[in-house]
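Subject: Structure handover

Hello,

Here is the structure I promised to pass on. Please open it alongside this email, then read on for what turned up.

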Amino acid sequence: MSLRFAILGLLSSRPMSGYEVKKVIDASVGHFWTADQSQIYRTLAALVTDGLATRRTVPQDDRPNLHLHSITEAGSEALDAWLTSPLPPEPTREPFLARLFFADRLPPAAVRELLEGRRAEMLAQLAELESVEAPREPATVAELLRAATLDNGLQHVRTELDWIETVLSRLEQQA
């Protein structure tokens with residue numbers, strides 16, 4: 001997924017400043033798509049240049065001016081076209097799995113430490129995902145789909161935790 005489509009999707013709900021886009025990404029899609037502030041501002045500028053969004057400056061007395069971005073009709077059409085287009089296959093890159101693949105060079109205790117470190121990371125990620133508020137009984141399709149992406153993240157993390165436990169158990173049997 002391109003950041004431009006994530007931002008167009010967010011702007012389709014309401015006009016936002018770059019700061020607001022960052023906050024919304026962190027609070028919603030951040031468990032599967034992240035971006036730093038500079039990427040967001042560059043992408044917003046490109047969307048405006050490409051005619052997919054507009055930028056309106058709102059003067060403020062006690063703060064710097066607010067720059068609100070809104071999706072254009074062309075932006076909505078581009079977002080809809082992306083939503084219905086086939087996604088190209090993405091190459092799989094899992095740095096942890098690459099490390100584990102070659103970890104037989106390490107002593108068994110170091111391999112266990114590697115796995116236990118990953119388990120700690122996954123437990124922290126699980127806690128973070130579990131803290132995201134989602135409606136128990138979604139009232140709209142939008143709520144249902146947003147909750148579904150959260151469920152996906154939770155299931156992935158739980159599956160990885162189960163896998164780590166299996167690998168640790170097999171390592172113990174090898175010892």
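Which residues does arginine 4 touch, not counting residues up to four places away in sequence? They are Thr43, Leu47, Asp50 and Leu52. Touching here means contact, that is, heavy atoms within 4.5 Å.

Some ground rules before the rest. This is a predicted model, in which local features need pLDDT of at least 70 and side-chain atom pairs count only at pLDDT 80 or more, while totals for chains, interfaces and linings use all residues. Residues are numbered from 1 along each chain as its sequence is written, and side-chain values use heavy atoms, with hydrogens and water left out.

**Overall build**

The protein chain has seven helices and two strands. Both kinds of element are DSSP runs, numbered from the N terminus: helices are H or I with at least four residues, strands are E with at least two. Read from the N terminus, the order is α-α-α-β-β-α-α-α-α.

The radius of gyration of the protein chain is 21 Å, whereas a compact globule of 175 residues would be near 16 Å. That radius is taken over C-alpha atoms, and the globule rule is 2.2 Å times the number of residues to the power 0.38. Along the principal axes, the C-alpha atoms fill a box of roughly 65 × 40 × 35 Å.

Of the 175 residues in the protein chain, 27% are buried. The classes are buried (under 20% relative accessible area), exposed (over 50%) and partly exposed (in between), with a 1.4 Å probe and protein chains only. The accessible surface comes to about 12100 Å², and carbon and sulfur atoms hold 54% of that surface. Areas come from the Shrake-Rupley method with a 1.4 Å probe; for residues, only the protein chains shown count as cover.

Now take contacts between residues at least 6 apart in sequence: 56% join residues at least 24 apart. As for charge, the protein chain carries 18 positive and 25 negative charges, and their mean positions are 4 Å apart. Lys and Arg count as positive, Asp and Glu as negative; His and the chain ends are not counted. Each charge is placed at NZ of Lys, CZ of Arg, CG of Asp or CD of Glu.

**The N-terminal annotation**

UniProt, in an unreviewed entry, places "domain: Transcription regulator PadR N-terminal" at residues 7-80. UniProt positions follow the numbering used here, feature names are shortened, and annotations may be inferred rather than shown by experiment. Residues 7-80 are 49% helix and 16% strand. The end C-alpha atoms of this span are 13 Å apart.

Serine 17 sits in the loop between helix H1 (3-11) and helix H2 (18-27). Is serine 17 buried or exposed? Serine 17 counts as buried because its relative accessibility is 6%. Leaving out residues up to four places away in sequence, serine 17 touches Leu66, His67, Leu68 and His69.

Back to arginine 4, which belongs to helix H1. Arginine 4 is partly exposed, at 24% relative accessible area. Its C-alpha atom is 8.5 Å from that of alanine 46, 42 residues away along the chain.

**The C-terminal annotation**

The unreviewed UniProt entry also gives "domain: Transcription regulator PadR C-terminal" at residues 92-172. That span is 77% helix and 0% strand, with its end C-alpha atoms 29 Å apart.

Proline 108 lies in helix H6 and is exposed, at 54% relative accessible area. From proline 108 to histidine 156 is 48 residues in sequence and 26 Å between C-alpha atoms.

Valine 132 is in the loop between helix H6 (108-130) and helix H7 (141-174). With a relative accessible area of 30%, valine 132 is partly exposed. Valine 132 and serine 28 are 104 residues apart along the chain, yet their C-alpha atoms are separated by 8.1 Å.

Threonine 166 is part of helix H7. Its relative accessible area is 35%, so threonine 166 is partly exposed.

Best wishes
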